[in-house]
Amino acid sequence: MDWVINGGKINSMDKNFQIHRLDNGIRIIHRQVKSTKLAHCGVALNVGSRDETLEQQGIAHFWEHMAFKGTNKRKAYHILNSIDAVGGELNAYTSKEKIHFYASTLVQHFEKSVDILSDLTFNSSFPLKEIEKERSVILEEMSLYRDDPADAIGDEFDEIIFPNHPLGRNILGTIDSVKSFQQQDFFDFLEQNIDTHEVVFSSISNLPFEKVVALCEKYFSHIPEMRKDRTRIPFTGYTPITVERKKPITQCHVMLGAESYELHHSKRMTFFLLTNLLGGPAMNSRLNLGIREKYGYVYDISAGSSAYLDSGQFSIYFATEEKSLNKCLKLVDRELGKLRDKKLGVQQLRSVKQQIMGQIAMSGESNLSIMLGMGKALLDKEKFETIEEVFTQIQNISAEDLLEVANEMFAKDRISTLIYRPETKQ
């Protein structure tokens, strides 16, 4: 079914999700949930830290902070107070490939959220005094992450998997780069990267789609169309490596992994299922049962994967006493070997699928999470997959598929390892 508003065509993806494109290229995706009293909405931009030049490291994240610090018509206080004063939340995040600004309020304040999000996304003024204050905040944030080995090892592992490439750089930037940014640098970064055809406004509320489109027309249609001929540098040449560092810590922190499938790869869902079996959030993951529950060597051990436009990464993380380090490494290797060598039985495969479908269904209970996923999916895939479509993909995965992917991804000769060891006491 199609709708027409103000001459623009509104396309329905299915009975739950509807899409409309404004004349300037900005897309709107909405899901009406009649039972909710809350309205979640956000602006997703296909811009992230991988779009920075070497000199711009950290500026995407810095901009995310600065967007709340003043626009051409609002001071920082008015931006922050506008949503908080009505009991709502206003937030943002920066990733390797995306920046997302979003708000949650009671539905009667939805228009306020649309207005604020449009303003802070496209009208940031980057006040000089606020740049200096926020520079200090970000430097403190960097110190906080560096002081936590669980965070620091993840950032360094990115550098190991993607050496000398934007995907390997820290989203926060470097101390020198953060100290160097001036007002014009922010305007330049936006001018180089904002493409209105790569911007999505997503929302979930009890409002009808026609009302959402009308409000987006009001607050987004005046933004001039912007097109950018950007080319993201693809990553090539992954080489496995083992690195050890001495740190002022009491435990060993370990991360193992390798480059993995890109976002659109046909085997990505199979790999998602495989990593969930290996070290997902459930207590019955292979790693948790084989290392924590059986031997008590770790408090937490997990595996996960990230997929980007042209590459991906998977990793296993754990922390343990130094005396148990080698035992843990051997046990991890043993679990990877089992997945490479032994095909899952019929009942095991059914159980693994049921588990991940249950996890996905539970995450689908959060309208905020769904709203954020809608914007990202439309930018990445030009569509948002329903839970039924995802379940169909999972059901079509065979034990042979899992075995094939395990041998591709978990081969011994392609695993990189990063170990933080406690400094030797003098």
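**Ground rules.** I'm working from a predicted model, where local features need pLDDT of at least 70, side-chain atom pairs count only at pLDDT 80 or more, and totals for chains, interfaces and linings use all residues. Residues are numbered from 1 along each chain as its sequence is written, and side-chain values use heavy atoms, with hydrogens and water left out.

**Helix α13.** I started with α13, residues 367-381. Helices here are DSSP runs of H or I with at least four residues, strands are runs of E with at least two, and both are numbered from the N terminus. From first C-alpha to last, the 15 residues of α13 reach 20 Å, close to the 21 Å expected at 1.5 Å a residue. That expected span is 1.5 Å times one less than the number of residues.

I then checked burial (buried is under 20% relative accessible area, exposed over 50%, partly exposed in between, with a 1.4 Å probe and protein chains only). The buried residues of α13 include Asn367, Ile370, Met371, Met374 and Leu378. An α-helix has 3.6 residues a turn, so residues three or four places apart point the same way.

What do the buried residues of α13 pack against? I found β3 (17-21), β4 (27-32), β5 (38-45), β6 (89-94), β7 (99-106) and β8 (199-205). Just after α13, Glu382 takes a positive phi of about 65 degrees.

**Cavities.** A cavity is a set of points on a 1 Å grid over the protein atoms alone where a 1.4 Å probe fits but cannot get out, and lining residues have an atom within 4 Å of a point. Grid points are joined across faces, edges and corners, and the volume is the space filled by probe spheres set on the points. I counted two cavities of 30 Å³ or more.

**Val254.** Last, I looked at Val254, in strand β10 (residues 252-260). Is Val254 buried or exposed? Val254 counts as buried because its relative accessibility is 0%. Leaving out residues up to four places away in sequence, Val254 touches Ile153, Phe318 and Leu418, among others; contact means heavy atoms within 4.5 Å.

Methods: On a 1 Å grid over the protein atoms alone, a cavity is a set of points where a 1.4 Å probe fits but cannot get out, and a pocket is an open set with protein on both sides within 12 Å along at least five of seven lines; lining residues have an atom within 4 Å of a point.
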